[in-house]
Amino acid sequence: MPRRRQRHMVGSGSDGTEDSDSSAEREQTNSSESDGNMPKRQRLTRASTRLSQSSQDTPDLKRAADHDESPPLTPTGNAPSSESELDISSPSPNASHDESQAKDQANRDSDKDLSHRPKRRRCHETYNFNMKCPTPGCNSLGHLTGKHERHFAVSGCPLYHNLSADECKVKAISREKQEEEVKGQEENNSRHATRHQTPTSKQSRYKEQVAEMRKGRNSGLQKEQKEKHMEHRQTHSNTREPLLENITSEYDLELFRKAQARASEDMEKLRIQGQITEGSNMIKTILFGRYELDTWYHSPYPEEYARLGRLYVCEFCLKYMKSQTILRRHMAKCVWKHPPGDEVYRKGGISVFEVDGKKNKIYCQNLCLLAKLFLDHKTLYYDVEPFLFYVMTEADNTGCHLVGYFSKEKNSFLNYNVSCILTMPQYMRQGFGKMLIDFSYLLSKVEERVGSPERPLSDLGLISYRSYWKEVLLRYMYNFQGKEISIKEISQETAVNPVDIVSTLQSLQMLKYWKGKHLVLKRQDLIDEWRAKEIKRGNSNKTIDPSSLKWTPPKGT
């Protein structure tokens, strides 16, 4: 009859001493092994005690396991393989008593070392497999550094750089070997370094090799090479990196590839740490004039600018740049001091310029990209030709500074007088939003049309429009001297859409349904409250003067 298989555990207490229960069991094990007929024995380390605790029958083992902490389980359900995996030793049945004692002593020593060793932590790179690389035809496999299995940005895409995943791995191995050789040479040189040391023979030979490799730099591409480069550019346009072979020497090209790989590795580290995330708003702040603005939403700037996290924008021509040095040089030669187009309104320091999206396409596109940083529902970025942009500015001795703008379709079938409206964050809560809205309705009055903003409105836009509609209705009722109020007459005089008038009256509880008719109630308490605010506000400059408008409706497109 086969003997029952026994399990033994070697453990250590929190103070580094061995538990009495486990030492007693080891003595029993040593005495049982002296017979020479002991079957294969299985030893559990203290880190895996909790995993095997359910299968242990003796109370002594259970008490010993209470002193230990089990490591976190891996996704497979097993303990980490570093310290918690089973250490299976299989001595032969004929092993001597001295050999078994020596092995047990070695196991106890190793367990003591493990008890004082800090716990290891494994860092697993987490990838969102729902994301894809933006390069057309790429499956997100491989990485430019050759160290990662997947990528999600153009900076790490092998296909974008005209390489394969295997080629990136081969290049990574060769770069590591070269770096090890260079480190070894630097260590040897640093031992014998002097203040005025002449180059060593190895350094001289390496310098000669570099000079020889750089002699192969091509002065120009041959006809076949030019055709190949042009064909690649026509086929892939901006979705692939241009072919770089035969443009410069192999040495310089390899230096450029190393710099690309290093930059891609830095980007990957930032992505893993969560400092940057593809597909989200990477531009955190912009430097705009004398203001530094925190952005609210993502704007589709080119990736080479968006991934910087900070953008520098000229406040007059709205050109975006990568660094403050470039912005300083640009401002020194930028001749713009106001938006392009025609100045259609001026009163005091406030001016409004009418900019045609067809005539000033670049400026209007930059304006839309800038506005998207602060608007959630904006979808117009590049197709600006069918729109007119009315840009409000505030002038001082340095130029006309951007306050806000609204865009308007040249031919709107639904009579929208505003497609998109924005007040810059540094000018919010100062009355400029209502001025822009009032100006849009002033244009509708000149056109003899009834206008309404395009939906959906942003949260701040909806608040501003409701406040404006409320103020327009209360002012109309304050000046109204008749007995019967008609919604149609209010709409014709204020250019506000009847639907917007009805919704505002309902919110003010001034619209009632009685005997099959809708009646407009004149609430004197609301009118008096509005009038008191108007008197307290006084003659503010934040109002639109219709007499200052110099504008005629455009004739067609």
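Predicted model: local features only at pLDDT ≥ 70, side-chain atom pairs only at ≥ 80, totals over all residues.
In the UniProt record, an unreviewed entry, the feature "active site" is placed at Glu454.

**The annotated site**

- Glu454 sits in the loop that runs between strand E14 (452-453) and helix H13 (459-479).
- With a relative accessibility of 29%, Glu454 counts as partly exposed, because that class covers what falls between buried, under 20%, and exposed, over 50%.
- Leaving out neighbours within four places in sequence, Glu454 is in contact with Tyr416, Val418 and Ser419.
- The loop between E14 and H13 also holds Pro456, and the peptide bond leading from Arg455 to Pro456 is cis, with omega near 0°.

- Lys408 belongs to strand E11 (residues 399-409).
- Is Lys408 buried or exposed? Its relative accessible area is 7%, so Lys408 is buried.
- The side chains of Lys408 and Glu447 are joined by a polar contact of 3.0 Å.
- Not counting residues up to four places away in sequence, Lys408 touches Pro386, Phe387, Leu388, Tyr390, Tyr416, Asn417, Ser419, Leu443 and Glu447.

**Helix H14**

- Which residues of helix H14 (residues 487-494) are buried? They are Ile490, Ser491 and Thr494.
- Looking down the axis of H14, these buried residues fall within an arc of 100°, so they line one face of the helix.
- The buried residues of H14 pack against helix H12 (432-447), H13 and helix H15 (498-507).
- Lys488, Gln492 and Glu493 are exposed on the other side of H14.
- Where H14 starts, a side-chain oxygen of Ser486 comes to within 3.3 Å of the backbone nitrogen of Lys488.
- Just after H14, Ala495 adopts a positive phi of about 65°.

**Strands and sheets**

- E11 pairs with E13 in the antiparallel sense, over four bridges.
- One of the residue pairs is Tyr405 with Leu422, its bridge partner in E13.
- Strand E13 (residues 420-423) is covered on both faces: Cys420 and Leu422 are buried on one side, and Ile421 and Thr423 are buried on the other.
- Elsewhere, four strands form an open sheet in the order E5-E4-E6-E7, with mixed pairing.
- Strand E5 (291-294) and strand E7 (320-321) stand at the edges of this sheet, each with a single partner strand, so one side of each is left without a neighbour in the sheet.
- Strand E6 (residues 310-313) and E7 run antiparallel and are joined by two bridges, with Tyr320 of E7 as the bridge partner of Val313.

**Cysteines**

- How many disulfides does the structure hold? The count is zero.
- The closest cysteine sulfur to that of Cys364 is in Cys368, and at 6.9 Å it is too far for a bond.
- Cys364 is buried, with a relative accessible area of 0%.
- Cys400 is also buried, its relative accessible area being 15%.

**Positive phi in loops**

- Asn415, a residue other than glycine, has a positive phi near 60°.
- Asn415 lies in the loop between E11 and strand E12 (416-418), and its relative accessible area of 36% makes it partly exposed.
- Arg429, likewise a residue other than glycine, has a positive phi near 60°.
- Arg429 is found in the loop between E13 and H12, where it is exposed, with a relative accessible area of 87%.

Note on methods:
Residues numbered from 1 in each chain as written. Heavy atoms only, no water. UniProt positions renumbered as here; feature names shortened; annotations may be inferred. Buried < 20%, exposed > 50% of the residue type's maximum accessible area, 1.4 Å probe, protein only. Contact = heavy atoms within 4.5 Å. Arc of directions from axis to C-beta. Polar contact = N/O pair within 3.5 Å; in protein donor to acceptor, adjacent residues only side chain to side chain. Pairing = 2+ DSSP bridges. Disulfide = S-S within 2.5 Å.
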